[in-house]
Amino acid sequence: MHNLCTQCGKPLLVRYDLEGASKSLTKENLVSRQPDLWRYREVLPVERSENVVTLGEGFTPLVHALRLGASLGMSELYIKDEGQNPTQSFKARGMTAAVSMAKELGVEKLAVPSAGNAAGALAAYAARAGMEAHIFMPKDTPRANVIECEQTGAHVTLMDGLITDCGAEVGRRKEREGWFEVSTLKEPYRIEGKKTMGYELAEQFDWQLPDVIIYPTGGGTGLIGMWKAFDEMEQMGWIGSQRPRMVTVQASGCAPIVTAFEQGERFAAEFPNAHTTASGLRVPKAIGDFLILDALRASGGTAVAVTDKELIDATQEVGAAEGIFCAPEGAACLPALKKLMSDGTVKPNERVVLFNTGSGVKYIESFS
């Protein structure tokens, strides 16, 4: 069992024998595999099949957003709809991997601080595995997330403050209570589940990566994971060296990565007085900040902040055009795209993927 590196206190990343993996995992034999993220089993960490804890997560739709694209003068605009995962968000990807590895390693009690969707995912997968889940969330977390955790058997504690305060509470109690912490990037396996978004994109686009990926970023595990997946696929000979330009989207009320990117910093300072209705973006300090910023710069990408009004208005714009009820975090990608098109950073003829990281059903308070 590992949390952070004991030498430097930074995240640990899983490495694989990719040469060995590519002998049984090929582009050709993927066609006959199950339509979930465990189709990429050779590049996921679980060794014994009986330890895989799954609810059918992954292989979400890649929707060609024709009407929304036409309104922007684009013919190649797509939405990767992660709201169709179990527990209605991309967090299911990370938790299937983390809980499966916890089972393989004999863990019985798991704990996480969460702004909402990670909590719901942990509660569901821990229940499926027969483990205890101890969840700490801010008091203003969307009510749907709280109820979801309670109804799937988790021990829920609501706290004054932000996700960072919840994380500090987990840190204070985990040793005494016998919990294993599965906070974002504080254990090595959630990112492995999240990276499968990168594998799926490549597969769904017939192994031609898009020009631009616009991704709502709180802790940033999904973005870091996809960047890792692209390297793995290149090493296995599945794709070439060309990469999408990676774009981080944050709320203007909590934009530590945007601020650090604009200032040329490799690490992001904690964002003061963090606030946004998009609870998944209310992460004032991300432990993987340097990994996010490295990926943005290496890809020639950028970081954009949008207001709460812009992202809420965009939810209805996406919904009315494409029938996808986005989480506020996912909707934030649309105003970010508009800004990037207006300044010429993104061209109308480019292939662009917006990530909707969850379902708007979980955020009813944001729309009232």
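1. Four strands form an open sheet in the order 5-4-3-6, and their pairing is parallel. Strand 5 (155-159) and strand 6 (180-181) are the edge strands, each pairing on one side only. Strands here are DSSP runs of E with at least two residues, helices are runs of H or I with at least four residues, and both are numbered from the N terminus. Two strands count as paired if DSSP finds at least two bridges between them. The model is predicted: local features need pLDDT of at least 70, side-chain atom pairs count only at pLDDT 80 or more, and totals for chains, interfaces and linings use all residues. Residues are numbered from 1 along each chain as its sequence is written, and side-chain values use heavy atoms, with hydrogens and water left out.

2. Inside this sheet, strand 4 (residues 132-138) runs parallel to strand 5, with five bridges between them. Phenylalanine 136 faces threonine 157 of strand 5. Strands of a sheet pair through backbone hydrogen bonds, either parallel or antiparallel.

3. Strand 10 (residues 352-356) is largely enclosed by the rest of the structure, because five of its five residues are buried. Buried means under 20% relative accessible area, exposed over 50%, and partly exposed in between (1.4 Å probe, protein chains only). Both faces are covered: Val352, Leu354 and Asn356 lie on one side, Val353 and Phe355 on the other. In a regular strand the side chains alternate between the two faces of the sheet.

4. Helix 11 (residues 289-299) has eight of its eleven residues buried, so it is largely enclosed by the rest of the structure. The buried residues are Asp289, Phe290, Leu291, Ile292, Leu293, Ala295, Leu296 and Ser299. They pack against helix 9 (221-235), strand 8 (245-251), helix 10 (256-262) and strand 9 (302-306). Just after helix 11, glycine 300 has a positive phi of about 75 degrees.

5. Arginine 93 belongs to helix 3 (residues 91-104). Is this arginine buried or exposed? Arginine 93 is buried, at 0% relative accessibility. Leaving aside neighbours within four places in sequence, its contacts (heavy atoms within 4.5 Å) include Lys80, Glu82, Lys194 and Glu200.

6. Valine 318 sits in helix 12 (residues 308-322). Its relative accessible area is 2%, so it counts as buried. Beyond neighbours within four places in sequence, valine 318 contacts Leu68, Ile79, Gly323, Ile324, Cys326 and Leu334.

7. Now the whole chain. The protein has 14 helices and ten strands. Its radius of gyration is 19 Å, close to the 21 Å of the globule rule for 368 residues, so it is as compact as a globular protein of that length. That radius is taken over C-alpha atoms, and the rule is 2.2 Å times the number of residues to the power 0.38. The C-alpha atoms fill a box of roughly 55 × 50 × 40 Å along the principal axes. Of the 368 residues, 59% are buried.
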